[in-house]
2 protein chains.
Amino acid sequence: MAATGTATGTAEPDKRAEPGTRERLVRTASRLMQHGGYESTPVKQLVREAGATLGSLYHFFPGGKQELAVAAIGHGDGEFAGTLGAALDSDPDAARAIEAAAGVLADALAASDWRDGCPVTATALESVGRLPELQEACARSFVNWQELVAAKLRASGIGEEDSRDLAVTVIAALEGAEMTSQVTRSRTPLLLAGRHLARLVASYTP
Amino acid sequence: MAATGTATGTAEPDKRAEPGTRERLVRTASRLMQHGGYESTPVKQLVREAGATLGSLYHFFPGGKQELAVAAIGHGDGEFAGTLGAALDSDPDAARAIEAAAGVLADALAASDWRDGCPVTATALESVGRLPELQEACARSFVNWQELVAAKLRASGIGEEDSRDLAVTVIAALEGAEMTSQVTRSRTPLLLAGRHLARLVASYTP
């Protein structure tokens, strides 16, 4: 899942070749939170790995680490949406496209030695009842991804309500399977989820 | 999910009324890790909330926090297995039993104000590639829960391989849905997962 430079809400011109300080802080926070969540990402390490300073962090994010983390979740949201959207576009059939998406996630996970899982999940769990702004940003990510899947299902002729409901389960199952694949260091949970979700979706397709 | 006092591997007699120091440490670690994962559970808080001392922690767990955390994951594993097993036993039909299990999880989550999610997930994600013994304990938990579901599926007449494969997806989808329910503060993701998993399982039932 390569950084796209478009998902951080900045209105700056595209500087992909050499991202600005704000962009580097957001990308670094996103990567570190993907790997270890929010709490175990020390501000000092974050600033150092971004090649930035504490002063610049508070310049761009007056609210400090939590404000940066919200931007980082938005960045991860956009990256994951890009990966998911491309996979869903790869096949006109919704069931096959969802199975393909699971395969793409499994391959990316294996290629990263099982480290690059969902950019939101670890932080989402930590945020529950503790960090409301961060929790809201994570919830928004899930809803965005569900909407991508729901649109694909509607385009396959599945009714509005079934599409919306199924999309919640598709994203939840992919999330859970990605976590299981990471912890057990195996593509299998994601590939099985893809196969079973395809069967489920096909049972709704007219 | 009440503590059962049976899942920590101690051979002590049942002391539910007043658990011993080791048991209190394990239960407290399990609860704190359920809420915030491993890294954001400070040893000092853990010892204080368990009514114990640092000395007693290192007496029972010479390997320190990580060794205690492995025991805590074993405890959470047993608690979750108890909840899941009871729900699966509540209906002879596997599909309906799995839907019932999702409902039980949704009710327990709502009753805890969305805090008491899976006792393993948050720690599992943090452990990947960082804390191998803890990662292995988390992976074992998932496999144990999968085996409970697989046994239920086999008892319903689903073939050996399909039962094993489906069980991986059932646990993954319940895990992902529980996380989504927590973050969005809604029973709906778990209830939808239950309904969709029941439909999927029914499509395999002879």
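**Close-ups of helix packing in a predicted model**

**View 1. Where α9(A) meets α9(B).** The axes of helix α9 (residues 188-202) of chain A and α9(B) come within 10 Å and cross at roughly 90°. (Axes are lines fitted to C-alpha atoms, for helices over the stretch in contact, with angles from 0 to 180 degrees between N-to-C directions; helices are DSSP runs of H or I, at least four residues, numbered from the N terminus.) That makes the two helices, α9(A) and α9(B), roughly perpendicular (65 to 115 degrees). A:His196, A:Arg199 and A:Leu200 meet B:His196, B:Arg199 and B:Leu200 here, where contact means heavy atoms within 4.5 Å.

This is a predicted model, so local features need pLDDT of at least 70 and side-chain atom pairs 80 or more, while totals for chains, interfaces and linings use all residues. Residues count from 1 along each chain as its sequence is written, chains are lettered from A in the order written, and side-chain values use heavy atoms, leaving out hydrogens and water.

**View 2. α8(B) alongside α9(B).** Now look at helix α8 (residues 160-184) of chain B: its axis and that of α9 (residues 188-202) of chain B come within 8 Å and cross at roughly 165°. That makes α8(B) roughly antiparallel (over 145 degrees) to α9(B). Among the residues meeting here are B:Leu166 and B:Ala173 from α8(B), and B:Leu197 and B:Val201 from α9(B).

**View 3. Around B:Leu153.** Leaving aside neighbours within four places in sequence, B:Leu153 is in contact with B:Ala94, B:Ile98, B:Ile158, B:Ser163, B:Leu166, B:Ala167 and B:Val201.

Terms used. Parallel < 35°, antiparallel > 145°, perpendicular 65-115°, else oblique.
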